[in-house]
Amino acid sequence: MTDWVYPAGTATDGAWQTSIGAVDSELDVPGWAHTGIKIAVLAPGESLSMPAAAEERIIVPLQGAFNAAVDGQDHELAGRPSVFNGPSDVLYTGIDTAVTVSSAAGGRFAVALAPARAAYPTRLVTAAQTPVELRGAGNCSRQVHNFGTPAALEADRFIVCEVITPAGNWSSYPPHKHDEEKDGESNLEEIYYFETRVARDSPAPEESDPVGYARVYASDERPIDVNVEVRTGDVVLVPYGWHGPAMAAPGYDLYYLNVMAGPGSVREWLISDDPHHGWVRSIWDQESIDPRLPFTS
């Protein structure tokens, strides 16, 4: 474990399997200020509450269906069998809003969060309402669920989406950065929460080890050098620097949940490509989207 890499089980906090960056997180990550993530598993009939706080949140079912109670109103989140079954219903809750999450059948869910000041109303974004983008082409094809981006959701600080990358493909590519507030670029720290699985129709044996890879490296004098295997439950933090690719190893599909926010006044995802690799975008017009996409239920 480094300041920027948290394998599953290394950032636990009470009932939370992972708790990083929330107002009540026991784990202190020096230099981390604008985003957070929580992951929990609920047994059938179990519930977990989050008190009102100066942070906005999106509740994201990862496996299973959930109920989220806010201000006396129940919001049913239809959920999904796994993160590889297309988008899920999600629930946005603004600042100073307590929420209790429960599940009749049990399941696993994430909470993407960011410290915030402006208040926005609670909003259910259903799976059917979620913009699904097929990004890239060829072996850079991936599927993006844009439920928490500025075009899809009114919020104060954060930008949240999830990405599915079929086995053998690269995403978060070409490597890019968003660590300066300037023309054409915004300053956003970023969280990657990963899950992996054996790819559909794969002949992998029972003892297979679904794995992916993540890369972060320096864009200026600030040191950072992450080149790590990732599996279900692992978290990689990107405080600054070039990041990408996130690689799905052959035979294994890769999922990640992205949470971004920063100190700037504008909620916008503006990036700069690593000039050594940005040219790869020019070849996508001559390639087709991977026929394995989209992943749906």
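Buried means under 20% relative accessible area, exposed over 50% and partly exposed in between, computed with a 1.4 Å probe on protein chains only. This is a predicted model, in which local features need pLDDT of at least 70, side-chain atom pairs count only at pLDDT 80 or more, and totals for chains, interfaces and linings use all residues. Residues are numbered from 1 along each chain as its sequence is written, and side-chain values use heavy atoms, with hydrogens and water left out.

Q: Is Trp 4 buried or exposed?
A: The relative accessibility of Trp 4 is 14%. Trp 4 therefore counts as buried.

Q: How many aromatic pairs does the structure hold?
A: Rings of Phe, Tyr and Trp (its six-membered ring) pair if their centres lie within 6.5 Å; planes under 30 degrees apart count as stacked, over 60 as edge-to-face and the rest as tilted. The number of such pairs in the structure is 10.

Q: What is the angle between the planes of Trp 4 and Trp 32?
A: Trp 4 and Trp 32 form a tilted pair, 6.3 Å centre to centre. The angle between their planes is 50°.

Q: Why is the pair of Trp 170 and Tyr 173 edge-to-face?
A: The ring centres of Trp 170 and Tyr 173 are 5.1 Å apart. The pair is edge-to-face because the planes lie at 85°.

Q: Which ring does the charged end of Arg 200 sit over?
A: A charge sits over a ring if NZ of Lys or CZ of Arg is within 6 Å of the ring centre and within 35 degrees of the ring normal. For Arg 200, at 3.9 Å from the centre, the ring is that of Phe 295.
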